Amino acid sequence: MTQKKLDVITIGRSSVDLYGAQVGGRLEDMGAFRKYIGGSPTNMACGTARLGLRSGLITAVGDEHMGRFIREELEREGVDTRGVKTDPERLTALVLLGIRDREQFPLIFYRENCADMGLTEDDIDPDLIRDARSVVATGTHLSHPRTEAAVLKALKLAREHGLQTALDIDYRPNLWGVAGHGDGESRFVESAAVTAKLQSTLHLFDLIVGTEEEFHIAGGSTDTVEALRAVRKVSNATLVCKRGAKGAVAFTSMVPDDLDDGISGPGFPIEVFNVLGAGDGFMSGLLKGWLDDEDWPVTLKYANACGAFAVSRHGCTPAYPSWEELQFFFTRGIKQPDLRNDVELEQVHWATNRNGDWPEMRVFAFDHRMQLEQMEGATKQKIGRFKELCLQAAGEVASGQAGYGILCDGRLGRDALYKAAGTGIWIGRPVEWPGSRPLTLEPELGPDFGGLSEWPLDHVVKCLCFAHPDDDAATWADQEQTVLRLFSSARRNGLEFLLEVIPSKVAAVDDETTARVIQRFYDIGVYPDWWKLEPFKTDAAWAISVEAIERNDPRTRGIVVLGLEAPEAELAASFERAARFPLVKGFAVGRTIFADAARDWLAGKADDVTAIARMKEKYARLCRIWDGARAQCQEKVA
């Protein structure tokens with residue numbers, strides 16, 4: 001088993017969840033929705049991957065935008081997608097969900113002949129099954145002969161090759177055709193036919209998990225003990241019964257007269273905000289302990305904690321914890337029952353579940369506005385066109401490789417931003433009004449910063465703030481308020497935040513100046529995903545600034561070095577110094593690359609081809625200089 005490439009493969013439903021963004025209203029009254037991946041097996045594949053298991057998924061999605069969204073999200077979460085079929089004839093399933101109050105969570109399934117219900121025996125790859133340690137099925141795909149055959153084939157192969165098998169009963173009456181479309185929230189309707197179908201498969205599993213109501217349907221009795229005993233008659237599996245606020249209990253052999261006599265694990269008294277997807281979070285934690293051969297009290301501790309995170313947050317998969325976050329939670333404990341409002345915990349959740357990894361950053365910054373507007377021949381239209389040339393130069397240098405990015409604004413560079421979408425290149429987008437001090441923002445954001453809600457989720461909010469430790473109290477208060485509101489708005493909208501600070505244009509600086517500015521922003525609760533800093537002249541300045549960041553936020557993505565239109569030789573020296581510090585991931589340089597080309601092109605002295613060629617040459621050379629500086633430092637360490 002140690003040679004297996006996957007720890008777990010889940011099989012079954014996959015959907016796009018459209019979650020009502022408003023809380024406390026009817027689904028009829030929702031005005032906006034947040035889009036997440038969903039479906040019990042899909043949630044579990046992501047939940048277990050976040051906990052460090054090597055997870056795979058067998059399902060199907062449509063050959064359209066939502067199907068691609070699910071596949072891309074799975075890949076971002078680290079889930080193996082070899083078993084995800086693209087169905088050219090069926091649409092990806094959709095689910096509309098809402099949080100009505102503390103007890104009601106309405107949902108509508110749009111699953112009529114959906115893609116994942118088109119799964120067949122032929123879609124089960126024996127090699128993929130052999131590649132895993134376990135297979136986890138869910139009840140819905142036993143509801144139709146076609147998908148049932150696929151699940152049974154996967155289970156048969158699993159048993160033949162010695163894999164562990166598990167079932168999450170996951171009973172949704174309307175998905176079995178015993179409740180109407182408007183009863184998506186219903187968790188239990190008696191059905192002898194469903195009971196018989198489930199019982200015909202229960203002998204195939206080593207682990208069976210469900211709520212009391214789900215065991216009622218599996219066991220054919222509304223008395224939980226009797227239902228569990230009925231399941232035990234046809235299965236030797238460990239039975240785990242979820243009991244809501246009472247936690248969960250496991251039964252490895254005979255079922256006692258009292259559920260409290262089962263094996264239990266520590267519970268976590270938290271506020272229930274949203275029960276949707278909580279069972280999948282619970283199952284993710286349970287699978288982590290089960291597959292790591294932990295004892296049942298520890299395994300149930302993992303499961304209960306993951307369930308607690310899920311019921312306290314909006315969405316399903318986005319609510320689930322990372323392994324680091326879970327350990328942090330166990331070590332620190334509960335500080336407040338509404339976990340989603342625990343600032344310290346939410347920072348860990350955000351930082352350890354961000355998508356993507358950017359160990360190297362070679363960023364072509366053409367977000368300049370004021371500097372371009374002042375050039376001869378500049379018009380709004382011509383500047384916008386020039387930024388498209390910048391993007392083309394950046395793309396040709398990147399050539400599909402990781403570790404390249406751009407900074408581009410939305411006021412003059414909107415068309416370039418549109419063209420950059422989906423290219424895989426890192427995109428930062430400025431919000432500050434050029435040269436403003438105290439800091440003011442671009443009008444497109446609106447006075448409430450609500451404009452961020454219109455941004456694509458892969459755009460990083462970049463803000464330049466001219467600040468100095470010796471600024472007067474009024475200036476600091478003004479700038480801190482703006483940056484804090486901006487940071488909070490970025491987080492609320494699911495956007496990463498890059499803070500650029502430049503003290504040198506305000507007053508004299510020493511080795512500690514920038515670090516003192518950095519500390520002030522951390523002190524008010526601003527935790528940038530990225531920092532953009534000046535090219536310091538001394539190792540001491542770098543060391544002090546890096547220490548300030550790592551002391552306050554050891555999970556920050558890192559630092560990029562700005563250019564300030566420095567000559568290439570000067571930048572090379574600054575790169576050499578900065579590259580000695582691993583937290584510095586690369587550079588974000590603009591005018592050194594584009595200034596000459598922009599002046600000539602805007603004045604009509606250079607054509608598109610010439611401008612692109614000149615920028616490509618300079619950008620590529622800076623990339624080589626940075627890569628060389630980093631490699632030299634790594635050689636010295638080695």
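In the predicted model, the bridge partner of Ala137 in strand E9 (residues 164–168) is Leu167, and this contact belongs to a parallel pairing in which E8 and E9 are joined over 5 bridges. Strand E8 itself, spanning residues 134–138, is mostly covered, with 5 of its 5 residues buried. In a regular strand the side chains alternate between the two faces of the sheet. In E8, Ser134, Val136 and Thr138 point one way, whereas Val135 and Ala137 point the other way, and all are buried.

The connecting helix H4 has 16 residues and reaches 22 Å from its first C-alpha to its last, close to the 22 Å expected at 1.5 Å a residue. Its buried residues are Thr147, Glu148, Ala150, Val151, Ala154, Leu155, Leu157 and Ala158, and what covers them includes E1, E8 and E9, together with helix H3 (126–130) and helix H5 (192–199). After H4 comes Gly162, whose phi is positive, near 75°.

The largest nonpolar core contains 84 residues, of which Phe364, Leu486, Phe521, Trp531, Trp542 and Met615 touch the most other members; the largest share of this core, 10 residues, is contributed by helix H20 (residues 608–637). When neighbours within four places in sequence are left aside, Phe521 is in contact with Cys465, Trp476, Val483, Leu499, Val501, Val526 and Trp531. Another core, of 44 residues, lies apart from it and has among its members Ala115, Val151, Phe205 and Ala237.

Several backbone features occur in loops. The peptide bond that joins Arg437 and Pro438 is cis, with omega about 0°, and Pro438 lies in the loop between strand E16 (426–430) and strand E17 (459–465). The loop between E16 and E17 also holds Phe449, which has a positive phi of about 60° although it is not a glycine. Phe449 counts as buried because its relative accessibility is 7%, under the 20% limit. A positive phi, near 50°, is likewise found at Ser399, a residue other than glycine, in the loop between helix H13 (380–398) and strand E15 (404–407). Ser399 counts as exposed because its relative accessibility is 53%, over the limit of 50%.

How values were computed: Residues are numbered from 1 along each chain as its sequence is written. This is a predicted model: local features need pLDDT of at least 70, side-chain atom pairs count only at pLDDT 80 or more; totals for chains, interfaces and linings use all residues. Side-chain values use heavy atoms; hydrogens and water are left out. Buried means under 20% relative accessible area, exposed over 50%, partly exposed in between (1.4 Å probe, protein chains only). Helices (H or I, at least four residues) and strands (E, at least two) are DSSP runs, numbered from the N terminus. Two strands pair if DSSP finds at least two bridges between them. A nonpolar core is a set of buried Ala, Val, Leu, Ile, Met, Phe, Trp, Tyr and Cys residues joined through side-chain atoms within 4.5 Å. Contact means heavy atoms within 4.5 Å. The expected span of a helix is 1.5 Å times one less than its number of residues.
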